[in-house]
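Morning, everyone. I have one structure to walk you through today. Please hold your comments until the end.

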Amino acid sequence: MHPLLEVKGLKVGFRFQNETRLAVKGISYQVFPGETLAIVGESGCGKSLSALSILRLLPYPPIEVFEGTIKFKSLDILKMHRDALNQIRGKAISMVFQDPMTSLNPTYTIGNQIEESILRHTTLLKTEARKKAIDLLEQVEIPSAQEKLYAYPHQLSGGMRQRALIAIALSCEPELLIADEPTTALDVLIQAQILELLQKLKDDRSMSILFITHDLGVVSEIAQRVLVMYAGEIVEMGPVQNLFKEPLHPYTKGLINSVPTLKNSTRRKSRLSEIPGQVPALGDSPGGCSFHPRCPEAIDKCKTDAPPLKEYSPGHQARCWLYE
Amino acid sequence: MATIQNLLEVKDLTKTFPAKEGFGTFKQRVYALNGVSFVMKEGETLGLVGESGSGKSTVGRLILRLLEPDSGQIQFAGKNLLQVPPNEMRSLRKSMQIIFQDPFASLNPKKTIEQILEEPFIIHKIGDKKERKERVATLLQKVGLRQEHRTQYPHEFSGGQRQRIGIARAIALNPKFIIADEPVSALDVSVRAQILNLLQDLQNDLGISFLFISHDMSVVSHFCDRVAVLYLGKIIEMGNRQAIFERPAHPYTEALLSAVPQMYGETKKRRILIKGDISNLREAPGTCVFKNRCPIKEPVCDQEMPELKEITPGHFVACHLRS
Ligand SMILES: Nc1ncnc2c1ncn2[C@@H]1O[C@H](COP(=O)(O)OP(=O)(O)OP(=O)(O)O)[C@@H](O)[C@H]1O
Ligand SMILES: Nc1ncnc2c1ncn2[C@@H]1O[C@H](COP(=O)(O)OP(=O)(O)OP(=O)(O)O)[C@@H](O)[C@H]1O
Ligand code: SF4
Ligand SMILES: [Mg+2]
Ligand SMILES: [Mg+2]
């Protein structure tokens with residue numbers, strides 16, 4: 001199968017006093033039609049910048065792409081003319097952000113914003129666009145959709161705003177939906193509703209989703225494949241079941257073990273296992289493997305040489321000397 | 001005659017706020033809390049869980065008297081908190097502390113860590129300069145910060161380290177009781193585990209009681225002896241950890257637990273999907289607070305408010321059909 005999206009050797013960062021500081025250090029991955037790929041990793045590891053690059057939405061200046069290619073089907077996104085890019089944005093690829101308030105325009109009604117997106121990308125007439133807007137709000141299960149067309153963003157709850165954003169993102173039936181922590185700010189009950197909704201929409205439309213999160217539980221529920229990032233690099237990537245059942249990279253193992261789960265804890269209070277230390281600050285990554293100062297399994301080589309990302313079983317890659 | 005005293009007794013706390021938007025000519029009030037009662041024993045950790053807007057932080061603020069309740073009582077260490085004179089309140093404050101979700105917002109950016117941690121000793125006139133320095137050193141060590149950190153400013157620290165500073169400040173005066181309001185919600189997974197372990201160690205070593213406020217059921221299941229579930233300003237279920245997590249009785253608690261995303265390989269609970277949002281315009285309810293979203297509701301739920309009843313020793317539920 002051909003990938004829908006192919007990212008190769010992507011480097012993103014900014015210039016700082018004559019040197020280049022990379023926040024994304026050469027990542028490569030593919031998203032196939034109809035699949036959900038999750039990107040996980042801790043705050044600051046480069047998830048959002050990777051995602052923003054895909055639609056050339058990086059906050060430039062200072063952030064820019066230094067190297068790499070991004071292909072959507074056969075189109076080279078980074079080289080594409082603005083006009084062509086605008087044809088893709090919000091149409092073939094659309095995006096949902098973490099904070100629904102900042103990505104909705106507070107001065108327009110929800111209805112206006114959905115219709116505008118439809119009118120921009122289709123040849124539908126205004127009345128048809130309105131009908132479609134209602135239909136979309138119903139699809140994302142906003143109760144009394146007809147009324148909500150006239151609501152302003154501040155009149156909706158957080159969960160409703162996030163749904164409205166999803167409705168806008170879906171208004172042009174994208175082939176790829178990029179969702180950057182779409183449920184992180186929401187309560188679990190609302191999160192469960194939204195995840196269910198995305199799942200259903202993906203199945204109904206055979207859409208692909210690139211889902212960014214730091215919640216391993218959410219990953220397990222929504223993704224077929226997972227990409228784990230640490231300090232701007234991919235440290236492990238593979239199908240969900242491999243990654244959770246046989247994690248290779250010590251960072252992935254650490255993450256999985258440090259999550260408090262409902263199951264293990266009901267009988268007695270227990271200590272959680274910790275990953276010691278903290279993520280290195282941008283620009284002072286240690287030599288060798290970037291995880292070595294925190295790694296419980298590090299060997300001498302890890303301190304001096306950076307390990308390559310290698311495939312250890314079909315579709316399952318890791319960046320770690322322990323498996324060489 | 002010695003009776004085992006509760007450290008904290010909260011009775012029938014009610015707190016309303018004026019609603020921001022009201023319809024008609026009535027001035028609406030939002031019931032942030034509506035008759036909340038619970039007790040805490042010394043050394044115990046009580047988890048207070050619920051969705052955003054359920055009233056968790058309001059409970060904390062009332063206990064610390066940062067807010068005044070409309071009605072209700074709060075007893076702390078045998079004292080009626082709502083009636084103690086200001087000077088006595090000041091000394092009681094030493095034994096009650098708070099840790100916030102975002103310690104950054106509560107750390108003075110212009111002060112070094114040493115100045116921040118010395119402050120409680122200065123305010124309460126404890127020790128001389130030298131002794132205070134020693135105490136700061138001990139605090140840093142207790143929360144896993146290095147002595148070099150003394151001279152640094154809050155912005156130079158990561159989220160996890162800032163939370164450690166917040167914790168150090170909270171334990172400075174050897175409190176009996178700490179309110180931790182979402183202390184790990186803003187932290188990354190790996191750091192979250194570090195901070196939870198730190199809090200647990202401090203509790204074991206110092207015997208502090210925690211009122212642990214969180215919206216994360218998994219975190220609460222790790223950290224708390226007992227749990228109270230809050231919904232629209234009412235406790236709808238309360239019990240020890242095992243009761244709540246293994247035998248939840250209220251349909252809301254069941255739904256909350258079933259909605260927690262499970263990691264791959266864990267046995268999946270059947271998900272109970274609950275429609276709608278927690279509504280934020282409320283009136284004094286004479287009915288069940290959960291009725292609009294309840295999957296098992298019956299006509300009685302629209303007519304009467306379910307009382308919090310003890311269904312097995314120590315396990316309380318407010319539901320017409322389950323208690
Ligand atoms: N506008 C900017 N200027 C300078 N540095 C930036 C900017 N935006 C992001 N960065 C830095 O780039 C790195 C990667 O940021 P990114 O937003 O991609 O992280 P993330 O993985 O999405 O984190 P989070 O989980 O917190 O959203 C971080 O160290 C961040 O501080
Ligand atoms: N100062 C205030 N003025 C008006 N309304 C308030 C005030 N403080 C709280 N409220 C309202 O009281 C209710 C409970 O708020 P509270 O902050 O206790 O909720 P919470 O459970 O801590 O929520 P979160 O998880 O979002 O922190 C909410 O509806 C809130 O809007
Ligand atoms: S009292 Fe009724 S409405 Fe409320 S939770 Fe129980 S069954 Fe549901
Ligand atoms: Mg991000
Ligand atoms: Mg709160």
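I'll take the chain interface, then two of the ligand sites.

One caution before we start. This is a predicted model. Everything I quote is computed from it.

Let's begin with the interface. On the chain B side, 50 residues are in contact with chain A, and 48 residues of chain A take part. The two chains bury about 4,400 Å² between them. Carbon and sulfur atoms account for 55% of that area.

Now the polar side of the interface. There are 14 residue pairs in polar contact between chain B and chain A, counting pairs with both residues at pLDDT 80 or more. How many salt bridges cross the interface? Two, by the rule used here. A:Glu221 forms a salt bridge with B:Arg271. Their closest N and O atoms are 3.1 Å apart.

Where on chain B does the touching side come from? Helix 7, helix 8, helix 9 and helix 10 of chain B each supply at least two residues. In numbering, helix 7 is 189-206, helix 8 is 217-223, helix 9 is 241-246 and helix 10 is 251-259. Helix 7 has the largest share, with ten residues. By class, that side of chain B holds 20 nonpolar, 17 polar and 13 charged residues.

Next, ligand 1. There are 15 residues around ligand 1. The nearest are A:Ser43, A:Gly44, A:Lys47, A:Ser48 and A:Leu49. Helix 1 of chain A, residues 47-54, gives the largest share of this shell, three residues. The shell divides into eight nonpolar, four polar and three charged residues.

Some distances at ligand 1. A polar side-chain atom of A:Ser43 sits 2.6 Å from an oxygen atom of the ligand. For A:Leu49, a polar backbone atom is 2.9 Å from a ligand 1 oxygen. For A:Cys45, a backbone N or O atom is 3.3 Å from an oxygen of ligand 1. How much of ligand 1 does the protein cover? On its own, ligand 1 has 640 Å² of accessible area, and the protein covers 66% of that.

Last, ligand 3. Here 13 residues lie around the ligand. B:Cys288, B:Cys294, B:Cys301, B:Cys319 and B:His320 come nearest. By class, the shell has nine nonpolar, two polar and two charged residues.

That's the tour. Comments, please.

Notes: Residues are numbered from 1 along each chain as its sequence is written. Chains are lettered from A and ligands numbered from 1 in the order in which they are written. This is a predicted model: local features need pLDDT of at least 70, side-chain atom pairs count only at pLDDT 80 or more; totals for chains, interfaces and linings use all residues. Side-chain values use heavy atoms; hydrogens and water are left out. A residue is near a molecule or strand if one of its heavy atoms lies within 4 Å of it. Ala, Val, Leu, Ile, Met, Phe, Trp, Tyr, Cys and Pro count as nonpolar, Asp, Glu, Lys and Arg as charged, and the others, Gly among them, as polar. Contact means heavy atoms within 4.5 Å. Buried area is the accessible area (1.4 Å probe) that two parts lose on being put together, summed over both. A salt bridge is a side-chain nitrogen of Lys or Arg within 4 Å of a carboxyl oxygen of Asp or Glu. A polar contact is a pair of N or O atoms within 3.5 Å; within protein, one must be able to donate a hydrogen and the other to accept it, and residues adjacent in sequence count only if both atoms are side-chain atoms. Helices (H or I, at least four residues) and strands (E, at least two) are DSSP runs, numbered from the N terminus. Accessible areas come from the Shrake-Rupley method with a 1.4 Å probe; for residues, only the protein chains shown count as cover.
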